[in-house]
Amino acid sequence: MKTQSSGWLNGAIGVLIFSGSLPATRLAVAGFDPIFLTTARATIAGVAALALLLIFRVHRPANRDMMPLVWIALGVVVGFPLLTALALTHITAARSVVFIGLLPLATAIFAVVRGGERPRPAFWLFAMLGSACVGSFAFLKHDGPSSLIGDLYMLAAVIVCGFGYAEGARLSRHLGGWQVISWALVVCLPFMAIASALIAPAAWGEITWQAWGGLAYVSLFSMLIGFFFWYRGLAQGGIAAVGQLQLLQPFMGLALAALLLREPVAWSMVVATSAVVLCVAGTRRFAR
């Protein structure tokens, strides 16, 4: 029981940190190309992760863990940041965070496929109802700015992120939460560093401080520190169960988008997010 409570606490801290990711990305893509932003944030986080691994003299992962680390890197280090950055060139941060309501479902599916968890049938009923709410919102006309390609980018981002969450949590059971994300970042550090150098902006002086702040946040908090808590929480409390804490993320993200970016938050977004939370919250008691 103590371990499970600790899992929920760590998961909640991770969600709180992640809730600032999309608004920060929105700030960053105003000054940086989405592809450069993806490589730069991974490079900065990778350098910090390598320093931590060296300082604490962490042993190299076993050979059997290397391929899972590659998959994690492709999911949460490359895939999710790139797809969300591309999405945010077409849609607002406020619209994009509603799609985060799909992450509990995606994470739960991969918890079964990769983590060996078996939620009860009622879990899937509530999860599918929540998914239907988000899907209806995304593809129906509403009173805020929209883009089909932006929505599709966000949907793809949710899928690869759910996979990366479940795979990372599974590996965290014997490697440790912060070690998993650190090694995943180090695995792709050489490629990300070279790519960043090749596609670096030509005019650094034209980049605003807001864009730099966004890059700093997504590099250190979204890409590294948040995962320390998140992977540990998923490993302790169960991937499908603790994954439901992501339902809080749309509300936090909507509030941050309105507060920091002064973006309009349409009532349809609030209603859709509320419906998702009400539908999928029922999965919590049936996760195991």
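1. Ser-219 is buried, with a relative accessible area of 0%. Buried means under 20% relative accessible area, using a 1.4 Å probe and protein chains only. Ser-219 sits in helix α10, residues 209-237. Helices are DSSP runs (H or I, at least four residues), numbered from the N terminus.

2. This is a predicted model: local features need pLDDT of at least 70, side-chain atom pairs count only at pLDDT 80 or more, and totals for chains, interfaces and linings use all residues. Residues are numbered from 1 along each chain as its sequence is written, and side-chain values use heavy atoms, without hydrogens and water.

3. What does Ser-219 touch, leaving aside residues up to four places away in sequence? The contacts are Ala-40, Arg-41, Ile-44, Ala-45 and Leu-224. Contact means heavy atoms within 4.5 Å.

4. Helices α3 (residues 34-55) and α4 (residues 63-87) also meet. Pro-34, Ile-35, Leu-37, Thr-38, Arg-41 and Ala-42 of α3 contact Val-77, Val-78, Pro-81, Leu-82, Ala-85 and Leu-86 of α4. By class, this contact has 10 nonpolar, 1 polar and 1 charged residues. Ala, Val, Leu, Ile, Met, Phe, Trp, Tyr, Cys and Pro count as nonpolar, Asp, Glu, Lys and Arg as charged, and the others, Gly among them, as polar.

5. The structure holds 1 cavity of 30 Å³ or more. A cavity is a set of points on a 1 Å grid over the protein atoms alone where a 1.4 Å probe fits but cannot get out; lining residues have an atom within 4 Å of a point. Of the 13 lining residues of the largest cavity, the closest to its centre are Phe-18, Ser-21, Phe-80, Tyr-165 and Ser-222. The lining divides into 9 nonpolar, 3 polar and 1 charged.

Conventions: Helices (H or I, at least four residues) and strands (E, at least two) are DSSP runs, numbered from the N terminus. Buried means under 20% relative accessible area, exposed over 50%, partly exposed in between (1.4 Å probe, protein chains only). On a 1 Å grid over the protein atoms alone, a cavity is a set of points where a 1.4 Å probe fits but cannot get out, and a pocket is an open set with protein on both sides within 12 Å along at least five of seven lines; lining residues have an atom within 4 Å of a point. Grid points are joined across faces, edges and corners, and a volume is the space filled by probe spheres set on the points.
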